[in-house]
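Let's take a walk through a protein structure together.

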Amino acid sequence: MSQVAPSTRPASPSPALEQERPRWLPFAEAFTILLLMAMGLWAVRPLLEEWGLFAIYASSGLSYLLGTFSVVALRPLHLTPSALQWILGGGQVWGVGVVAALLLATRYAVARWAVAPVLPPVQRWAFATACTVLVGWPALWLGRFHPAQFSATLFFVLLGCGLRLCIRNTVLPHVMGALSLCALLMTYQAVALLVCTIPFLAGLWVPPGKAGDMPARLRRGARSAIMVATGFALYALYVAVIYATMDGVYELALAAGVVRSNPVALLLGNIATVYGATFGRSPEILGLLMALLCAAASGPEPRRGRLHALLGSLAVLLLPLLSLTYILPAHLQDPERAMFPIACGATVLLLALLMVGRPGRIASPPCILLVAALLASGAASAHQARARWNFQKDIGAQVANLARTSGAGRILLRDETGLLGDVYTYLGNTLSEALLVLGVRSWVNLCTPDGVDRIHPDALRYPIATTPRCAAPAAQDTLVAVARMQGGKVVIERAPPGTAGQ
């Protein structure tokens, strides 16, 4: 009876791994992808920067990308997701949800492809779900972080290329990985430090049935290191061209400021800041990551499992250091930024623990529970994002209706609730930009009367300025409106006659 020889192609999973595929797994994976896409379509809408971008695209079209190139010269792909939001949604706000759904599905597919040669099918499902949900990252369902999500997808492409170089040293993974890294850095550089762990991860992999001798491990790690170094070199060449041809580039000016200051003192201060902003402010995230990785390290070999759990826990404690790619302390104080490389790093640790263990060590029931927990966590975060959108939508509709009925070109909105003016409750000019997207040309100034507490927990993280006090009287051509809490809802209406705005 003839036997089929196993494939030696680097992109193909091991036949031994494929034999462990349960019949129910394709249905479970399809359900996972569809559920994540549905949550993205339902929850993700413009909340902050997208309003201004939508308004600019509506007036300037895609030519805006050329006009703003100098601002993002070292990240020329950064605005690609926002352009897709506007194109795919036909200028409507639900385009943000469409791009969110596409990014989630793409990241799942890429992460699953990346680990196909080294993990059995059920573990691929759990790992790809973890890479898609990025547990612990509060900005997963925020459209303004779509460039970060795009860069995460490129990171997992790079990871897959590095793992394939472990199996066979061919040209395609080198080229594909280097180009992916260059594109990642041209989109969002937050995971630049995490990229450097890929050669070490490649050195952990041991071919089935072979001993993990050190020379072979070093060769596998060196292949991935060459790929990573090539990607960084391509980006460095691009930076050199920009430096020689353009002035006033944001990132270059920022780097020059760091060099002129005390870099050591800045680094030490940033380390303290990022630990306080992540694990210090949200200790439950630390506990969640610890539990996830300790579960991955447990198995039928107690002594080895305990060692892996110890090393994994130590690595979790070091994860905040991956966020030091953010140079500004204001960015490090923001968990939505700082937790992004930490969440991506947690998936790499999860993969490392799965790779060093015995194949198939995590059976189907634990993986099912893990995926269910990840989806539940994602659903809770999506519900929070949807609640923010519902609040903004209600406020925007009320102000737009008031502007249409009154014909006022300028509105002074006195916020007696203390809620408006936070990061996700129309900070600064966001409400005026939202009205432009809704087809209403009216400029809105927010203020808070004396004696009203400003409830702005998100803005306090930076800290940044929120609503000013209502100190000056409104101009004669300005309509004065008041936001009050009635029956648990913010109601906006014209101020009583004689109200001057103070």
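We'll look at a pair of helices, then at a group of strands.

Keep in mind that this is a predicted model, where local features need pLDDT of at least 70 and side-chain atom pairs count only at pLDDT 80 or more, while totals for chains, interfaces and linings use all residues. Residues are numbered from 1 along each chain as its sequence is written, and side-chain values use heavy atoms, with hydrogens and water left out.

Start with helix 2 (residues 25-43) and helix 7 (residues 121-133), whose axes come within 11 Å and cross at roughly 5°. Here, helices are DSSP runs of H or I with at least four residues, strands are runs of E with at least two, and both are numbered from the N terminus. Axes are lines fitted to C-alpha atoms, for helices over the stretch in contact, with angles from 0 to 180 degrees between N-to-C directions. Because of that crossing, helix 2 is roughly parallel to helix 7 (angles under 35 degrees count as such). On the helix 2 side, the residues in contact (heavy atoms within 4.5 Å) include Leu25 and Leu36, and helix 7 brings in Trp125, among others.

Now hop over to strand 1 (residues 410-415), where 5 of the 6 residues are buried, meaning under 20% relative accessible area with a 1.4 Å probe, protein chains only. Strand 1 pairs with strand 2 (residues 443-447) in the parallel sense over 5 bridges; pairing takes at least two DSSP bridges. Look for Arg414 opposite Cys447 in strand 2. Strand 1 also runs parallel to strand 3 (residues 478-486), joined by 6 bridges, and there Ile411 stands opposite Leu479.

Notes:
Angles under 35 degrees count as roughly parallel, over 145 as roughly antiparallel, 65 to 115 as roughly perpendicular and the rest as oblique. Buried means under 20% relative accessible area, exposed over 50%, partly exposed in between (1.4 Å probe, protein chains only).
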